[in-house]
Amino acid sequence: MESPNAELYFVFMNYDPEYQRLRADRGANELDLYLSKKHDELLASTLEPGSYRKTLSLVIVDGFAVEITADQANALRSADGVRLVEKNQEVA
């Protein structure tokens, strides 16, 4: 179950040659599917099922937005292939 302490984080991935190839080929649909599956698999292998909510995959950069706790963000920071995990900052 998603935690009431969950906040929105952005997760950015390390260099991925397949992402670069698909992006260069302009295969938008294929790229969307590839990234969504890749991001879903990372979350499923790192966090407890049902404890997070991915809100979107970003195509312009290899990353995604996910509602998670600070502890889950720390777990993702140490996951293979993750470059950066950053909490969403509200702009006033």
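A polar contact is taken here as a pair of N or O atoms within 3.5 Å, where, within protein, one atom must be able to donate a hydrogen and the other to accept it, and where residues adjacent in sequence count only if both atoms are side-chain atoms. The model is predicted, so that local features need pLDDT of at least 70 and side-chain atom pairs count only at pLDDT 80 or more, whereas totals for chains, interfaces and linings use all residues. Residues are numbered from 1 along each chain as its sequence is written, and side-chain values use heavy atoms, with hydrogens and water left out.

The mean pLDDT (the predictor's confidence in each residue, from 0 to 100) of the protein chain is 91, and 96% of its residues reach 70 or more. The chain has three helices and four strands, which are DSSP runs numbered from the N terminus (H or I, at least four residues, for helices; E, at least two, for strands), and from the N terminus on these elements run β-α-α-β-β-α-β. The radius of gyration, taken over C-alpha atoms, is 13 Å, close to the 12 Å that the globule rule (2.2 Å times the number of residues to the power 0.38) gives for 92 residues, so the chain is as compact as a globular protein of that length.

Of the 92 residues, 34% are buried, that is, under 20% relative accessible area, with exposed meaning over 50% and partly exposed in between (1.4 Å probe, protein chains only). When neighbours within four places in sequence are left aside, L76 is in contact (heavy atoms within 4.5 Å) with V11, L42, L43, T46, L47, V66, I68, V82 and V85.

At the start of helix 1, a side-chain oxygen of D16 reaches to within 2.9 Å of the backbone nitrogen of E18. D16 itself is placed in the loop between strand 1 and helix 1 and is buried, with a relative accessible area of 10%. The side chain of D16 also makes a polar contact with the side chain of K38 (2.7 Å), and, neighbours within four places in sequence aside, D16 is in contact with Y34, K38 and D62. Helix 1 is followed by R26, whose phi is positive, near 60°.

Within helix 3, Q72 is buried, with a relative accessible area of 11%; a polar atom of the Q72 side chain lies 2.9 Å from the backbone nitrogen of T69, and Q72 touches L47 and S51, residues up to four places away in sequence not being counted. A79, in the loop between helix 3 and strand 4, is likewise buried, at a relative accessible area of 13%. The C-alpha atoms of A79 and T46, which are 33 residues apart along the chain, are separated by 7.1 Å.
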